[in-house]
Amino acid sequence: MTVIADIPDAPRAARRPQIGNPVLRWLRTNLFSSIPNGILTVVLLAVLAKGIFSFVQWGIANAVWLTPANDSSPCRAVRGLGACWAIIPEKYRFILFGTYPFDEQWRPALSVLLFIALYFLSTRRALWRRELVLLWIGALALISVLMWGGVLGLSFVSQDRWGGLPVTLILATLGLAFGFPLGILVALGRRSKLPAIRSLSVLYVELIRGVPLVSLLFMASVMFPLFMPAGFNIDKLLRAQVAIILFAGAYLAEVIRGGLQAVPRGQYEAADALGLSYWRKHRLIVLPQAIRHVIPPLVNTFIAFFKDTSLVLIIGIFDLLTTAKTAIIDPAWQQFSVEVYIFVAAIYFMFCFAMSRYSRSLEATSGR
């Protein structure tokens, strides 16, 4: 006689249908699970509601949106009660483009749109081919023509007149575009078996990380020209760009080195068993896995460097934040700096949030 053992059913509590409103059940589970949690939730909601109400009252209900040309008297009439958003349409061109010639500001505006288009196309994995690199090279050449001019009937504009958002995007984009491969080479150098290469890589990383970016910018702007031959001068923006690239390369090298250490030893041995050369092994096997491991800290570093471009103020380069500070020097609008800083913060937030969201989607797809 065959005896068939009964398979235990799932616990009755697990099979019991949940009764009640799912929203109330979620609130009770997550926000009011205990008396201390309930009190903390109520206090935080009260503070949040007060903050939202005050901002809506100041920023929308009592705000001044438009005024006659360069007339700030309506804003002064509501000072302390409402925001003066009228300063944004009055000063936005100076904030975004600095002292670039007024009639030629369509050129930096088009350059910004080209940068945004390049960022968007670079997020499409289907376009990760050799043609994308050529597209970047062509677009950067076009941006250079637009910003400098001097050809195709465009008037020449020296870099001293550049400012605002285009300068921020140029410094951040080129700094990370060149700093990332530099970081990869330095990270590989730190793991090299050759003592000279390993020592030079360690010295570079420790030296650059041991000083703040401000000091590097100052040395690039003031000290570096002293070592150049007489009559030979490198543009100030280029010197700042080199300093940012070196700084980014040192920090990215440590992030990538952490990813290299996370790759299992068996992957290296398998690549060696296939007879792959050193560079093919790292390009095809090791680096893709290493970079996948460190996507969050990489993007965190990218966001930090994007915001650190504001430090170029120390050497007299007018980035987005610096043009915003300069825009409120006008005595008629000097009292309304908060609105300008909110406007600039919103621009920084849009770029940083886009990078953060893309990193999350890239991390999710890479983990499949």
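Me: How do you know what share of the accessible surface belongs to carbon and sulfur atoms?
Reply: The accessible surface of the chain is about 22100 Å², and 68% of that belongs to carbon and sulfur atoms. Such areas come from the Shrake-Rupley method with a 1.4 Å probe. This is a predicted model, where local features need pLDDT of at least 70, side-chain atom pairs count only at pLDDT 80 or more, and totals for chains, interfaces and linings use all residues. Residues are numbered from 1 along each chain as its sequence is written, and side-chain values use heavy atoms, without hydrogens and water.

Me: What makes residues 238–256 helix or strand?
Reply: Helices (H or I, at least four residues) and strands (E, at least two) are DSSP runs. Residues 238–256 are 100% helix and 0% strand, with end C-alpha atoms 26 Å apart. An unreviewed UniProt entry lists this stretch among its "transmembrane region" features; such annotations may be inferred rather than shown by experiment.

Me: What makes a set of residues a nonpolar core?
Reply: Its members are buried (under 20% relative accessible area, 1.4 Å probe, protein chains only). They are Ala, Val, Leu, Ile, Met, Phe, Trp, Tyr and Cys residues joined through side-chain atoms within 4.5 Å. The largest such core has 80 residues, with Leu 165 among those with the most contacts inside it. Helix 11 gives the most, twelve residues.

Methods
Buried < 20%, exposed > 50% of the residue type's maximum accessible area, 1.4 Å probe, protein only.
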